[in-house]
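Welcome, and thanks for taking a look at this one with us. Please open the structure alongside this briefing and follow the residues as they come up.

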Amino acid sequence: MIPIPQKLPLNTKQWALMKVLLSVSVIILVILGGSFLDEGKIVTNLTNRNSPPSIDNLFGTDWLGRDMFTRTFMGLTLSIGVGLIGAIGSASIALILGIAAATMGRTADRLISWFIDLFLSVPHLVTLILIAFTLGGGFKGIVIGLALTHWPTLARLIRAEVMQIRSADFVQVSQKMGKSRWWIAVHHILPHILPQFLIGFMLLFPHVILHEAAVTFIGLGLSPHEPAIGIILSESMKYLSSGMWWLAFFPGLCLLMIVRMFDQIGENLRLLMDPNGYRD
């Protein structure tokens with residue numbers, strides 16, 4: 001008999017790649033959906049207010065008759081955009097300080113390490129609230145606050161990686177050949193820490209989105225007229241006692257799913273980039 005070929009089971013890295021592609025696809029669909037949904041559905045329509053979930057309104061309507069499905073996806077798109085800007089700023093600060101601490105001498109290392117410990121000694125959500133309050137809230141306040149508060153852990157990780165790379169033979173040879181610190185940082189150190197930087201950025205993203213929603217929820221983030229998830233959840237609190245559970249349930253669930261997807265992307269990218277992470 002001719003043996004029937006059996007399908008080989010997917011190994012760990014293939015599963016990780018599939019999870020990354022699936023999560024990225026869902027996030028892209030959410031962004032596209034939030035960008036192209038009809039804004040007419042979030043216009044006040046008092047004849048259709050307080051409607052529970054139905055075929056016409058999948059997430060129901062609020063006290064002004066606005067479609068919660070449209071508001072939720074627009075809010076997710078806005079939160080992802082704000083989170084992206086904040087995460088890029090914070091990750092960039094971590095990259096610059098992490099490399100500087102490991103390459104600019106002992107004095108710079110001690111100063112930056114003290115600065116990192118100072119920020120880590122205070123919960124960054126508290127620091128974020130103080131910065132956002134000082135800057136008057138709004139888009140500018142929340143973005144600057146996010147960028148200035150989420151970098152310490154990633155900066156410490158990058159510093160540790162750079163310290164290891166700095167002792168490598170090829171770096172020592174470049175130093176003996178008279179190459180400058182800047183040349184070594186650009187040509188030797190930066191390419192080796194890019195994978196860790198990318199993974200750290202992706203793992204930073206979900207925290208930034210959650211903290212943006214939290215600060216907006218208490219009124220120190222985005223403006224009330226913006227369809228942000230934090231604003232939607234804040235407004236819905238006073239209507240939950242009236243039985244309008246859908247106002248908070250669906251936006252909150254969607255936010256948690258998006259955060260979890262970004263977290264999955266970071267975790268699986270770390271597995272894909274780990275040369276010792278292959279398992280059948």
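Is Phe 250 buried or exposed? Phe 250 counts as buried, because its relative accessibility is 15% and the cut-off for buried is under 20%. Please keep in mind that this is a predicted model. The chain averages a pLDDT of 83, and 94% of the residues score at least 70. Over residues 4-9, however, the pLDDT is below 50, and beyond near neighbours in sequence this stretch has one contact in the model. Where pLDDT is low, the predicted coordinates should not be read in detail.

**Aromatic pairs**

- The whole structure holds 14 aromatic pairs.
- One of them joins Phe 59 to Phe 250 in a stacked arrangement, with 4.5 Å from centre to centre and 0° between the planes.
- This pair bridges distant parts of the chain, as its two members are 191 residues apart: Phe 59 belongs to the loop between helix 1 (12-36) and helix 2 (68-103), while Phe 250 belongs to helix 10 (residues 246-273).
- Phe 115 and Phe 119 make an edge-to-face pair, at 5.1 Å centre to centre and with 70° between the planes.
- Both Phe 115 and Phe 119 lie in helix 3 (residues 106-120), where four residues, or about one turn of the helix, separate them.
- Phe 115 is partly exposed, since its relative accessible area of 35% falls between the cut-offs of 20% and 50%.
- Ring pairs also build a cluster out of Phe 59, Phe 69, Phe 73, Trp 245, Trp 246, Phe 249 and Phe 250.

**Arg 66 and its charged partners**

- A search of the whole structure gives eight salt bridges.
- Arg 66 takes part in a salt bridge with Asp 62, at 2.7 Å from N to O.
- Asp 62 counts as buried at 0% relative accessibility, and Arg 66 is buried too, with a relative accessible area of 15%.
- Arg 66 also meets Glu 235 in a salt bridge, at 4.0 Å from N to O.
- Through shared partners, salt bridges connect Asp 62, Arg 66, Arg 71 and Glu 235 in one network.
- The charged end of Arg 66 has an aromatic neighbour as well: it sits over the ring of Trp 63, 5.6 Å from the ring centre.

- Asp 263 and Arg 260 form a salt bridge with their side chains, at 2.9 Å from N to O.
- Asp 263 and Arg 260 are about one helical turn apart, because three residues separate them in helix 10.
- Arg 260 counts as partly exposed, at 45% relative accessibility.

**The nonpolar core**

- In soluble globular proteins, nonpolar side chains tend to be buried together.
- The largest nonpolar core here has 67 residues, and Ile 142, Ile 158, Ile 193 and Phe 262 have the most contacts inside it.
- Helix 8 (residues 181-217) gives this core its largest share, 15 residues.
- Leaving aside residues up to four places away in sequence, Phe 262 touches Ile 27, Ile 80, Met 202, Phe 205, Pro 206 and Ile 209.

- What is the relative accessible area of Ser 90? Ser 90 is buried, with a value of 0%, and its place is in helix 2.
- Not counting residues up to four places away in sequence, Ser 90 touches Leu 146, Ala 147, His 150, Trp 151 and Leu 204.
- Asp 117 has its place in helix 3, and Asp 117 is partly exposed, with a relative accessible area of 38%.
- The C-alpha atoms of Asp 117 and Ala 248 are separated by 37 Å, and these two residues are 131 residues apart along the chain.

How values were computed
Residues numbered from 1 in each chain as written. Predicted model: local features only at pLDDT ≥ 70, side-chain atom pairs only at ≥ 80, totals over all residues. Heavy atoms only, no water. Phe/Tyr/Trp six-rings, centres within 6.5 Å; stacked < 30°, edge-to-face > 60°. Buried < 20%, exposed > 50% of the residue type's maximum accessible area, 1.4 Å probe, protein only. Lys NZ or Arg CZ within 6 Å of the ring centre and 35° of its normal. Core = buried A, V, L, I, M, F, W, Y, C linked by side-chain atoms within 4.5 Å. Contact = heavy atoms within 4.5 Å. pLDDT = per-residue confidence, 0-100.
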